[in-house]
Each structure stands twice: as structure tokens, then as C-alpha cells.
Amino acid sequence: MILSLRRALAGVGYAVKHERNMRIHLCVAAYVVLFGALAALEAWAWAACLVCVGMVLCAELHNTSIERLCDIKCPEPSEVVRVVKDTAAGGVLMAAAAAAVVGIVVFFRVETLTRLWERWLALPWLAAFPALLLAPCVLFVRGAKKKDGGHES
């Protein structure tokens, strides 16, 4: 069981290290958590947001595994492989679109926006958190440079 967990975490680590879109999804998830905390979301809203974050990350992990398997099994251009990869990417797109709709429903309610506004009026320094998170997110999404000077894919 421990070995299975270790391998699963290694798979997540691989996707984070090698997939720019995975890093983008993680940064968006960080903003969801930040704004959710600032807005003091209700339990149902937290549940909806966290399920959506998990759904998008799972879709991205599946997409990564499908792409890698296709690259190994058929390194030359193939119409079938293109369709498989495009379909897997479409799954990520659909998950992200559904998550965006849930985010709109959760965060663009009068009650939620009012709580955010009141929180920022009471504690104006909290407004700096989203801006402070931006630079680390940009650096994280860009990824680490390889030793030869190139970027990770």
C-alpha cells in the first residue's frame, strides 16, 4: 500500500514537473482556495470548488498519461494518435469549463461578493494576497530550467 501511494505521488510529481498546464491548474486551485477563504465560503461551496479542483487535476493527469503512452507506442505522426490525444485534451477542457461554471455560481453570488468586499474593507492589507501570489505562480508555471538552458516541456 505504501509503495502504491509512493508511485501515485511520483506520477503527480512527474505531471507537475513536466506539464505546464498542470502547474497552471494548481495555481488556479491556489486562487480558488485563497478567495474561498477570504469569502468564508459555505460548506456546500467549498465542497463544489474542491470537487471541481480534483476533477480538473485528475483529467490533466489522465491526459498526461495518455499522451506519454501514445508517444511511446507510436512516435511517428498518426491520425489515430492525434485523435486520441485531442480527445484526452478535450476531457481536460470539459472539466475546466465545468469548474469555471461552478466557480461563477459560487463566487459571483451577491452574498459571496458582499463578504469579500466587507472583508477587504475591514482588512485592506488582505487585498495584497492575490497580488503577492501572482509572481510565485508565474515562476511556477514557467517551470525550472534544464541544465542545458532549455525549459521543461
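**Figure 1. What lines the largest pocket in this predicted model.** The lining comes out as 13 nonpolar residues, two polar and no charged; here Ala, Val, Leu, Ile, Met, Phe, Trp, Tyr, Cys and Pro count as nonpolar, Asp, Glu, Lys and Arg as charged, and the others, Gly among them, as polar. The largest pocket holds about 310 Å³ of space, a volume being what probe spheres set on the grid points fill, with points joined across faces, edges and corners. A pocket, on a 1 Å grid over the protein atoms alone, is an open set of points where a 1.4 Å probe fits, with protein on both sides within 12 Å along at least five of seven lines, and lining residues have an atom within 4 Å of a point. Of the 15 lining residues, Val28, Val32, Ala96, Ala99 and Ala100 sit closest to the pocket centre. Two or more lining residues come from each of H2, helix H3 (43-73) and helix H4 (79-107), and H4 gives the most, with seven. Helices are DSSP runs (H or I, at least four residues), numbered from the N terminus.

**Figure 2. The ring cluster of Tyr31, Phe35 and Trp120.** Rings of Phe, Tyr and Trp (its six-membered ring) pair if their centres lie within 6.5 Å; planes under 30 degrees apart are stacked, over 60 edge-to-face, the rest tilted. There are two aromatic pairs in the structure. Tyr31 and Phe35 are stacked, at 6.3 Å centre to centre and 20 degrees between the planes. Both belong to helix H2 (residues 20-38), four residues apart, or about one turn of the helix. Phe35 also meets Trp120 with ring centres 6.1 Å apart and planes at 80 degrees, so that pair is edge-to-face. Trp120 is in helix H5 (residues 110-122) and Phe35 in H2, so the pair ties together parts 85 residues apart in sequence. Phe35 is partly exposed at 24% relative accessible area, and so is Trp120 at 23% (buried is under 20%, exposed over 50%, partly exposed in between; 1.4 Å probe, protein chains only).

**Figure 3. Leu134 and Cys27, 8.8 Å apart in space.** That distance is C-alpha to C-alpha, and the two are 107 residues apart in sequence. Leu134 lies in helix H6 (residues 128-142) and is partly exposed, at 48%.

**Notes.** Residues are numbered from 1 along each chain as its sequence is written, and side-chain values use heavy atoms, leaving out hydrogens and water. In this predicted model, local features need pLDDT of at least 70 and side-chain atom pairs count only at pLDDT 80 or more, while totals for chains, interfaces and linings use all residues.
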